[in-house]
Amino acid sequence: TAVDGQGRRRVAWLVSWQHAGHIRPLCPVARELKERGWTVSIVVHDEVRRHVDDDLSVVSAGPLPWTWQEELEFRDLLWSAPSAPPANATAEEVNAASEKRADASERYFAGSQRSLARGLESALD
């Protein structure tokens with residue numbers, strides 16, 4: 001087990017968003033730290049646990065703060081290329097679509113961060 005200069009055990013908590021592209025790259029980092037003697041846990045939401053390799057320690061951040069269907073709807077709204085507004089769309093209509101996307105972005109990222117923070121806090125207690 002790796003220890004610091006004062007004899008304390010070295011522990012790493014790797015916390016990730018609920019996207020495979022964020023979770024999978026943590027696996028080799030966690031494995032390398034383990035090989036160097038660190039105690040390593042990856043903290044993710046229950047719905048995406050499957051993206052962490054079986055040889056690694058996973059700590060649950062609990063469930064997502066919304067359903068998986070809602071997760072997919074957020075992703076579609078936030079990351080699908082927006083379609084061009086109709087030629088006859090008013091400035092207000094164009095602005096409303098932009099505001100809808102901005103509001104969804106705020107709800108998504110703030111909700112994910114709060115949920116991960118609560119999950120990590122629970123795991124550390």
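This is a predicted model: local features need pLDDT of at least 70, side-chain atom pairs count only at pLDDT 80 or more; totals for chains, interfaces and linings use all residues.

I begin with Ser-16. Setting aside residues up to four places away in sequence, Ser-16 touches His-22, Ile-23, Leu-26, Val-43, Val-44 and Leu-116. This serine sits in the loop that joins strand S1, residues 11–15, to helix H1, residues 20–23. Is Ser-16 buried or exposed? Its relative accessible area is 3%, and the cut-off for buried is under 20%, so Ser-16 counts as buried.

The chain has an average pLDDT of 90, and 98% of the residues score at least 70. Confidence is highest in helix H2, residues 26–35, at 96, and lowest in H4, at a mean of 91.

With 34 residues at 1.5 Å a residue, H4 should span 50 Å. The C-alpha atoms at its ends are 49 Å apart, which agrees with that expectation.

Which residues of H4 are buried? They are Ala-104, Tyr-108, Ala-110, Gly-111, Ser-112, Ser-115, Leu-116 and Gly-119. The partners of these buried residues are S1, strand S3, which covers residues 58–60, and H3. Leu-116, one of the buried residues of H4, is also among the residues touched by Ser-16.

Beyond its neighbours within four places in sequence, Ser-115 is in contact with His-45, Ala-61, Pro-63 and Pro-65.

For a serine in another setting, I turn to Ser-57, in the loop between strand S2, residues 39–44, and S3. Ser-57 has a relative accessible area of 35% and is partly exposed. Its contacts, leaving aside neighbours within four places in sequence, are Val-40, Ser-41 and Ile-42. Ser-57 and Arg-31 lie 26 residues apart along the chain, with 9.9 Å between their C-alpha atoms.

Next, Trp-79, which is found in helix H3. This tryptophan is partly exposed, at a relative accessible area of 47%. Which residues does Trp-79 contact, leaving aside its neighbours within four places in sequence? They are His-19, Phe-74, Arg-101, Tyr-108 and Phe-109. Of these, Tyr-108 is one of the buried residues of H4. Trp-79 and Gly-21 are 58 residues apart in sequence, and their C-alpha atoms are 14 Å apart in space.

The largest pocket has a volume of about 320 Å³. It is lined by 14 residues, of which Pro-82, Ser-83, Ala-97, Ser-98 and Arg-101 are the closest to its centre. Two elements give two or more residues to this lining: helix H3, residues 68–79, and helix H4, residues 91–124. Which element gives the most to the lining of the largest pocket? It is H4, with five residues.

Thank you for your attention.

Terms used
Residues are numbered from 1 along each chain as its sequence is written. Side-chain values use heavy atoms; hydrogens and water are left out. On a 1 Å grid over the protein atoms alone, a cavity is a set of points where a 1.4 Å probe fits but cannot get out, and a pocket is an open set with protein on both sides within 12 Å along at least five of seven lines; lining residues have an atom within 4 Å of a point. Grid points are joined across faces, edges and corners, and a volume is the space filled by probe spheres set on the points. Helices (H or I, at least four residues) and strands (E, at least two) are DSSP runs, numbered from the N terminus. Buried means under 20% relative accessible area, exposed over 50%, partly exposed in between (1.4 Å probe, protein chains only). Contact means heavy atoms within 4.5 Å. The expected span of a helix is 1.5 Å times one less than its number of residues. pLDDT is the predictor's confidence in each residue, from 0 to 100.
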